[in-house]
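Dear colleague,

Please find below the structure that I am handing over to you. My findings follow directly after it.

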Amino acid sequence: MINLPRKIKNFFQDNWVVLAIGSVAVTLIILSTIGLSQVDSYARKSMLASMPLWSLVMLISGAITAFIYVSVMFGYMSSVRNTRVKTKAVNVHFSDVIGVDAAKEEAAEVMQLLSDRKLISRIGGKVLKGILMVGPPGCGKTYLAKAIATE
């Protein structure tokens, strides 16, 4: 059974910006028509003559804004997301990482689990998809991650 009020609510939640812009545009058109009807003949003719030009300017500026928005949000971000770091360029090893030895040992265990998948299946675990490093800024999380990536 179709739940119509829920679909209408979802439609308004998803498209409220478009509906608001449309209602503002309709209101402005109605107000400009009322205002134009109360202006004398010469001013009305000059306003009507300049309206196509202003409409063209607004369409061009809207198209430029939409193009910039789409290129920034989708074009630039997708190229940033798809870049891969080459491990040869990182060149950080576990011997370069200083600090808490327990964290280095755990990172070495993670490396062993990543390299020996048979060990994981023998234990009955799942292959790691990622690890979460938590700590204050400057404690070496990124450096340790670079060492893991290089190994």
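Is Y69 buried or exposed? With a relative accessible area of 51%, Y69 is exposed, because the threshold for that class is over 50%. Please bear in mind that this is a predicted model.

Y69 is located in helix α3, which covers residues 41-81. Together with L56, I60, I64, F67, I68, V70, V72, M73 and F74, Y69 makes a nonpolar surface patch of about 1000 Å².

As to the overall architecture, the chain contains seven helices and zero strands. Read from the N terminus, the order of elements is therefore α-α-α-α-α-α-α. The chain comprises 151 residues, of which 9% count as buried.

The largest nonpolar core consists of eight residues: V92, F94, V97, A107, M111, L144, A147 and I148. Helices α5 and α7 (141-150) each contribute at least two residues to this core. The largest share, three residues, is supplied by α7.

Helix α5 spans residues 101-115 and includes E105. This glutamate, E105, belongs to a negative surface patch that also contains D101, E106 and E109. The relative accessible area of E105 is 52%, so E105 is classed as exposed.

With kind regards

Terms used:
Residues numbered from 1 in each chain as written. Predicted model: local features only at pLDDT ≥ 70, side-chain atom pairs only at ≥ 80, totals over all residues. Heavy atoms only, no water. Patch = residues over 30% accessible without salt bridge, like charges linked within 9 Å, V, L, I, M, F, W, Y side chains within 5 Å. Areas by Shrake-Rupley, 256 points an atom, 1.4 Å probe, with all protein chains shown as cover. Salt bridge = Lys/Arg side-chain N within 4 Å of Asp/Glu carboxyl O. Lys, Arg positive; Asp, Glu negative; His and termini not counted. Charge placed at Lys NZ, Arg CZ, Asp CG, Glu CD. Helix = DSSP H or I, 4+ residues; strand = E, 2+ residues; numbered from the N terminus. Buried < 20%, exposed > 50% of the residue type's maximum accessible area, 1.4 Å probe, protein only. Core = buried A, V, L, I, M, F, W, Y, C linked by side-chain atoms within 4.5 Å.
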